[in-house]
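These are my notebook entries on the model shown below. I set out to look up its core, its helix contacts and the confidence behind them.

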Amino acid sequence: QARAALHPPPPIPPPHPAVSFETMAIGLVHLFESGLLMCNAAAILNEKRFLRKYGLATAVPGEGMGPKNQVANFLQAMRTLMRYPLVAMNVLVILYEMILG
């Protein structure tokens, strides 16, 4: 009995905090960032060094487009049409990460 008085019981740990929106493993911002990274990757592919090996350097417009031609057409559109919107979205994501972390 004297020994129990000298050593108090260990403290009870606090309850586990509720999972909030900020601690989610995958949030909407992370999904947007991953999509933006994929668009960046598609936009910077080099025609001469990478795409020509796989026959994706040039797209042939037309109705009967196969999957390879559709991918080539998509990559060409990414390089031409999405250049400035990608720069703007990258700047917004960088500012968001700098401000809100």
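Entry 1, core. I looked up the largest nonpolar core of this predicted model. I find 11 residues in the largest core: Leu36, Ala42, Leu51, Leu56, Ala57, Ala59, Ala72, Leu75, Met78, Leu86 and Val93. A nonpolar core here is a set of buried Ala, Val, Leu, Ile, Met, Phe, Trp, Tyr and Cys residues joined through side-chain atoms within 4.5 Å. Buried means under 20% relative accessible area, exposed over 50% and partly exposed in between, with a 1.4 Å probe and protein chains only. At least two residues of this core come from each of helix H2 (28-43), helix H3 (67-81) and H4. H3 contributes the most, with 3 residues. I note that 16% of the 101 residues of the chain count as buried.

The chain has 4 helices and 0 strands, where helices (H or I, at least four residues) and strands (E, at least two) are DSSP runs numbered from the N terminus. The mean pLDDT, the predictor's confidence in each residue from 0 to 100, is 78 for the chain, and 81% of the residues reach 70 or more. Confidence is lowest in helix H1 (residues 2-6), with a mean of 59, and highest in helix H4 (residues 83-100), with 89.

I listed the contacts (heavy atoms within 4.5 Å) of Leu86. Apart from neighbours within four places in sequence, Leu86 touches Leu36, Cys39, Asn40, Ala43 and Met78.

I looked up the axes, which are lines fitted to C-alpha atoms, for helices over the stretch in contact, with angles from 0 to 180 degrees between N-to-C directions. The H2 and H3 axes come within 8 Å and cross at roughly 95°. H2 and H3 are therefore roughly perpendicular, a term covering 65 to 115 degrees. Cys39, Ala42 and Ala43 of H2 meet Leu75, Met78 and Arg79 of H3.

The axes of H3 and H4 come within 5 Å and cross at roughly 70°. H3 is therefore roughly perpendicular to H4. Met78, Arg79, Thr80 and Leu81 in H3 meet Arg83, Pro85 and Leu86 in H4.

Note on methods:
Residues are numbered from 1 along each chain as its sequence is written. This is a predicted model: local features need pLDDT of at least 70, side-chain atom pairs count only at pLDDT 80 or more; totals for chains, interfaces and linings use all residues. Side-chain values use heavy atoms; hydrogens and water are left out. Angles under 35 degrees count as roughly parallel, over 145 as roughly antiparallel, 65 to 115 as roughly perpendicular and the rest as oblique.
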